[in-house]
Amino acid sequence: MKHRLLDESGQASAELMGMVWWLVLVTVIVWQVALAAWTYIQVSNAARTASRVEGRGGDGAKAARNALSDPLRTTVQKIKIEGEKVTVSVRMPLLIPGLIDSRKLTATRCAELPA
C-alpha cells in the first residue's frame with residue numbers, strides 16, 4: 001500500500017487536465033485580440049478606399065462597403081462622408097457571441113485625402 005501512495009504514475013495527466021482550461025482561455029483571448037486587429041485593419045482600408053473614391057467623384061459609401069470583407073459588411077453601423085473625409089464604423093465581431101453586448105463595441109476609423 002505504501003508503494004502505491006508514493007507512486008507518481010498519472011501525475012502528468014493530472015497536471016495536464018489542470019492546465020487545459022488555462023490553455024483554452026489564453027487561446028480564446030489571443031484569438032479575440034487577433035480578430036479585433038483584423039477588424040481595425042479592414043475598417044481602415046475601407047475608409048481610405050472610400051476617401052480615394054470620393055476624391056475622384058465616385059460613390060464613397062459603396063466603395064467602403066465593397067472594401068470590407070463579407071462578414072463585416074453586415075455589421076456596418078455608419079459610413080459618414082464629409083467632402084473627402086470618410087468615417088467608417090462597424091460592430092466588432094466576437095469569438096463568443098452573447099458574452100457581452102457587441103452593439104457597444106465598434107471599430108471606427110476615418111481617412112481624408114491630403115490637400
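Tutor: We can begin with the elements: helices (H or I, at least four residues) and strands (E, at least two) are DSSP runs, numbered from the N terminus. Contact means heavy atoms within 4.5 Å, and axes are lines fitted to C-alpha atoms, for helices over the stretch in contact, with angles running from 0 to 180 degrees between N-to-C directions. On those terms helix 3 lies across strand 1 and strand 2 and runs at about 140° to strand 1, while helix 2 lies across strand 1, strand 2 and strand 3, at about 30° to strand 3. This is a predicted model, in which local features need pLDDT of at least 70 and side-chain atom pairs count only at pLDDT 80 or more, whereas totals for chains, interfaces and linings use all residues. Residues are numbered from 1 along each chain as its sequence is written, and side-chain values use heavy atoms, with hydrogens and water left out.

Student: What makes Asp-70 and Arg-73 a salt bridge?

Tutor: A salt bridge requires a side-chain nitrogen of Lys or Arg within 4 Å of a carboxyl oxygen of Asp or Glu; the N to O distance between Asp-70 and Arg-73 is 2.6 Å, so the pair qualifies. The two residues are three apart in helix 4 (residues 70-73), and are therefore separated by about one helical turn.

Student: Why is Asp-70 called exposed, and Arg-73 partly exposed?

Tutor: Buried means under 20% relative accessible area, exposed over 50%, and partly exposed in between (1.4 Å probe, protein chains only). Asp-70, at 55%, is therefore exposed, whereas Arg-73, at 32%, falls in between and is partly exposed.

Student: How do you know that Glu-82 forms a salt bridge with Lys-80?

Tutor: Their closest N and O atoms are 3.2 Å apart, so this pair also meets the 4 Å limit. Glu-82, with 45% relative accessibility, counts as partly exposed, and so does Lys-80, at 40%.

Student: Why are strand 1 and strand 3 said to stand at the edges?

Tutor: Two strands pair if DSSP finds at least two bridges between them. Three strands form an open sheet in the order 1-2-3, with antiparallel pairing; strand 1 (76-82) and strand 3 each have a single partner strand, so one side of each is left without a neighbour in the sheet.
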